[in-house]
Amino acid sequence: MYEQISHSLLNDILTQFKQPKGEDWQHFYTRLGANFYAIHSLFQHLYGQRADFKEQLGKLVNVLAQQYAQRAPHLRAKDLEREKNHDWFMQQKWVGMALYCQGFAGNLASMRERLPYLQELGINLVHIMPLCDCPELQNDGGYAVRDFRKVDARNGTMEDLEQLIAAMQQSDMLLTLDVVVNHTSDEHEWALKAKQGDQQYQDYYYMYPDRTLPDMFEAAMPEVFPEQAPGSFTLNPDTGKWVMTVFNHYQWDLNYSNPAVFIEMVDIVLFWANKGVDILRLDAVAFLWKKIGSSCQNEREAHLILQLLKDCCQVTAPGVIFIAEAIVAPTEIIKYFGEDAINAKECEIAYNATFMALLWDAVATKQTVLLTKGVEDLPEKLDRATWLNYVRCHDDIGLGFSDKAIIEAGFDPVSHRRFLVDYYTGRYPESNARGFAFGVNKKTGDARISGALASLAGLETALDYQDQSAIENAMMTIILLHNLIMSFGGIPLIYYGDAVGTLNNDSYLQDENKMHDNRWVHRPTLDWEVMALRNQPGTIQQRLFSQIKQLIAIRKEISAFADLNNRELITLENPHLFAFHRFVQTGMHSKVVVVANFDTSPQSVPLQSFRQKGLFKGAVLTELYSGQQIIPESDFLTIPKLTAYWLST
């Protein structure tokens, strides 16, 4: 959009701009011109009251130009290709895995050697969790960053990473890396200078000489980790000042009301984009803006910062997209795509944490009433944005579905959440689950859940008792959950170790730095001798791996599984069944009905429930996963226990 004031200012900035020689700048200037009205408007809204506004905006444009000058030709070519195919990340061909480099392979060099395993399974999108340099001990699993431009020595070197990226690009695999945008380690260079009394860097954080303002902030701020990190401020002995530390005392929150902080983070994001990273996961985006009298989460300015960051990235590296790491209520998470838009103005991808939690509710209750109600309450996403659907991740399971949905499903919100915690921690009499309560808030009674997928699904307990029926149910539950994240709509993200049924690992209790955080129970170091059992017929590892591998392969052939806002929920009277219809205009298997049974007994449903929607007109149904032909009896469809059918129609 052309707007005289902003473009007059851009002309002034470019007059002083010294363009590096020998580069093709056509696309840079085209994108800068197209995005500058939005960049100027957002920057002015956030920082326009400052006397140095024009100077800071000039610094931002200079960062965009300097990073463009360093962008490799093959990455510029990829930018152009993805601009032409703007829905590239919404195709059903993508299936991801999230992993810790050290836990999965030991280091980045060995990671390169494990790529054939990922390809064997069908994985073509890999999220390697934090790689950046961090302190030896107080590092929050890598999310307390000491140097944003350096690979932590425990993971390897930058050269190792560059070689891995090159190998992945040759294999058409996408790489996702984290940028921790909300905070730094207290050992970061900026924090060290702040501790030395440098006011410039103290202004990078929220630092106060007494408790007056911290007390005002904390009056409305919920505690993130009430057990091990109560409160949201920490007294720094070097300065005698109180520093905002929302997560842990060693993680200092960045102050985005200072434009210098925003410009630094743009430079860091583009640094990683220029390394060849395809997708950047922006950590803790809900916390980016702090305001007295608010929860300091999901503030409007946090969204404006993300919009500004997206506009800047589109100038220099438009082929790179963002994941919003915002584990918040459905009505809030949808905003991180960008409101009032068709294209994602903020992040193209967001975690579907609500769907994940609803799946675990269905496993515990063996009913799908809350799952159906919760999915009905999910706001419709933008046309050019997508979900990450997952069963487990490195974090805990939060029971984030709404009280309204719980009540509509016939439960009391407080007692139902307490039941779920009891069920997954094995305190409920009929439960085989082995998980742990995490983040217990003694004031409210709220808690979240830690544990490996297989252990939460009952496999660990079943193996201990050598209960063959329970082993079978646990394995079927694991496949059922993966079936649904493959078919629901979005990018399925498998967690490392889950494809072979990796159980809880209590070795973290021997590590003083980890023993107080039970999330490490589901952050395993893989045993590749055990992993090799995936090739030995009859083993649990082989049975799980082969079924998940088949799910992935078939998903990639089903055109209806591309994420194009093409899902219709089908409400059934049977409380154990969950069903939806996926559809596109053309392609192989353009219409597919997914019907899932969460009960441990077969369940039936009248075909009329589907035929009234124009589905299942023929006498014979084809189940795509197994390839079998199904002839319904007495006009009823029967779904075996703990099974989901993909029915072509």
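**Close-up 1. Phenylalanine 636 is a partly exposed residue of this predicted model.** Its relative accessible area is 39%, where buried means under 20%, exposed over 50% and partly exposed in between (1.4 Å probe, protein chains only). Phenylalanine 636 belongs to strand E24, residues 636-639; strands (E, at least two residues) and helices (H or I, at least four) are DSSP runs, numbered from the N terminus. Setting aside neighbours within four places in sequence, phenylalanine 636 makes contact (heavy atoms within 4.5 Å) with Ser604, Val605, Pro606 and Leu607. If you look for leucine 544, 92 residues away along the chain, its C-alpha atom is 30 Å from that of phenylalanine 636.

Two notes apply to every view: residues are numbered from 1 along each chain as its sequence is written, and side-chain values use heavy atoms, with hydrogens and water left out. Because the model is predicted, local features need pLDDT of at least 70 and side-chain atom pairs count only at pLDDT 80 or more, while totals for chains, interfaces and linings use all residues.

**Close-up 2. Histidine 482 is buried in helix H21.** The helix covers residues 468-487, and the relative accessible area of histidine 482 is 1%. A polar atom of the histidine 482 side chain lies 2.9 Å from the backbone oxygen of isoleucine 478. Not counting residues up to four places away in sequence, histidine 482 touches Val391, Leu453, Ile494, Asp498, Ile548 and Leu551. Methionine 244 is 238 residues from histidine 482 in sequence, and 39 Å separate the two, C-alpha to C-alpha.

**Close-up 3. Aspartate 79 pairs with arginine 71 through their side chains.** This polar contact spans 2.8 Å; the term covers a pair of N or O atoms within 3.5 Å, where, within protein, one must be able to donate a hydrogen and the other to accept it, and residues adjacent in sequence count only if both atoms are side-chain atoms. Aspartate 79 sits in helix H4, residues 73-84, and is buried, with a relative accessible area of 1%. Among the residues that aspartate 79 touches, beyond four places in sequence, are Arg31, Thr316 and Gly319.

**Close-up 4. Phenylalanine 104 is a member of the largest nonpolar core.** Such a core is a set of buried Ala, Val, Leu, Ile, Met, Phe, Trp, Tyr and Cys residues joined through side-chain atoms within 4.5 Å. Of its 223 residues, Phe104, Leu161, Phe262, Trp272 and Phe598 touch the most other members. Apart from this core lies another, of 17 residues, including Ile570 and Leu607.
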